[in-house]
Number of protein chains: 2
Amino acid sequence: MAVTAFHEDSEAFCPNFQRAIELIGSRWTGAVIRALRSGLFRFSDLTTNIPGLSDRMLSERLKELEAEGIVSRIVIPETPVKVEYHLTEKGKALERVMTEVADWAERWVAEPQAAASG
Amino acid sequence: MAVTAFHEDSEAFCPNFQRAIELIGSRWTGAVIRALRSGLFRFSDLTTNIPGLSDRMLSERLKELEAEGIVSRIVIPETPVKVEYHLTEKGKALERVMTEVADWAERWVAEPQAAASG
């Protein structure tokens, strides 16, 4: 009778939860959202600040995040035209998720080089 | 001068954060951790309760989570021998991440069928 905790959650499996966590955790997405939160709004700011992220991958990720309603692409009509990417309300609502992941990472995740050898 | 928020974070990019979020968000991992939290400790409980998760994928995921120190494999010396998977302290420490993701999903993530057509 080890299944005592089962009824704590009304459902063990929730498709929206799975969709959300895989979306947030997909390759580079966390880093992009984190950078946008930090005020890096321009394409080149993002590639410069996220080591290993190619233009092509960033472009794909931003399109996905736009399609999900997490990021909006804003064209600023200056000369030359400026394009910025900003978190929407839905994207900003990830604040607490991001904070909790950062806290957990700080406490529990080893430096990448150490972990990579394990 | 749009970069006003930049210095709120000491670093826009953090490898441990990226590692953590991609680990948690990798395919099926969120669902497996969620199920373990709910008291589904046995291999067959997990495949039964996570639609679409094959034995092979679950086996891979559990090995990864063991290697990361998030899950421990416990052999109970009964007849027949019983094997259970439990969250370690590191895994249990994901509680608040999971709760925040679930809250965000509930508020912001559409039903999969609706989102898939968007």
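Predicted model: local features only at pLDDT ≥ 70, side-chain atom pairs only at ≥ 80, totals over all residues.
Just after helix 2 of chain B, Gly39(B) adopts a positive phi of about 95°.

Trp28(B) sits between helix 1 (15-25) and helix 2 (29-37) of chain B, and it has a positive phi of about 80° although it is not a glycine. Is Trp28(B) buried or exposed? Trp28(B) counts as buried because it has 21 C-beta neighbours inside 10 Å, and the cut-off for burial is 20 or more.

Chain A has its own tryptophan to visit. Trp28(A) lies in the loop between helix 1 (15-25) and helix 2 (29-37) of chain A, and its phi is near 80°, a positive value in a residue other than glycine. Trp28(A) has 22 other C-beta atoms within 10 Å, so this residue is buried.

How do the two helices pack? Helix 1 of chain A and helix 1 of chain B lie with their axes 7 Å apart, at an angle of about 145°, and helix 1 of chain A passes helix 1 of chain B in a left-handed crossing. On the chain A side, the residues that take part are Ile21(A), Glu22(A), Ile24(A) and Gly25(A); they meet Ile21(B), Glu22(B), Ile24(B) and Gly25(B) in helix 1 of chain B. Sorted by class, this contact between the helices has 4 nonpolar, 2 polar and 2 charged residues.

Finally, move along to the strands, where a proline is worth a look in each chain. In chain A, Pro80(A) is found in the loop between strand 1 (71-76) and strand 2 (82-87). The peptide bond joining Thr79(A) and Pro80(A) is cis, with omega about -5°. Turning to chain B, Pro80(B) is in the loop between strand 1 (71-76) and strand 2 (82-87) of that chain. A cis peptide bond links Thr79(B) to Pro80(B), and its omega is about -5°.

Conventions: Residues numbered from 1 in each chain as written. Chains lettered and ligands numbered in written order. Helix = DSSP H or I, 4+ residues; strand = E, 2+ residues; numbered from the N terminus. Buried ≥ 20, exposed ≤ 12 C-beta atoms within 10 Å, placed from the backbone. Axes fitted to C-alpha atoms, helices over the stretch in contact; angles between N-to-C directions. Left-handed = near helix turned anticlockwise from the far one by under 90°. Contact = placed C-beta atoms within 7 Å. Nonpolar A, V, L, I, M, F, W, Y, C, P; charged D, E, K, R; others polar.
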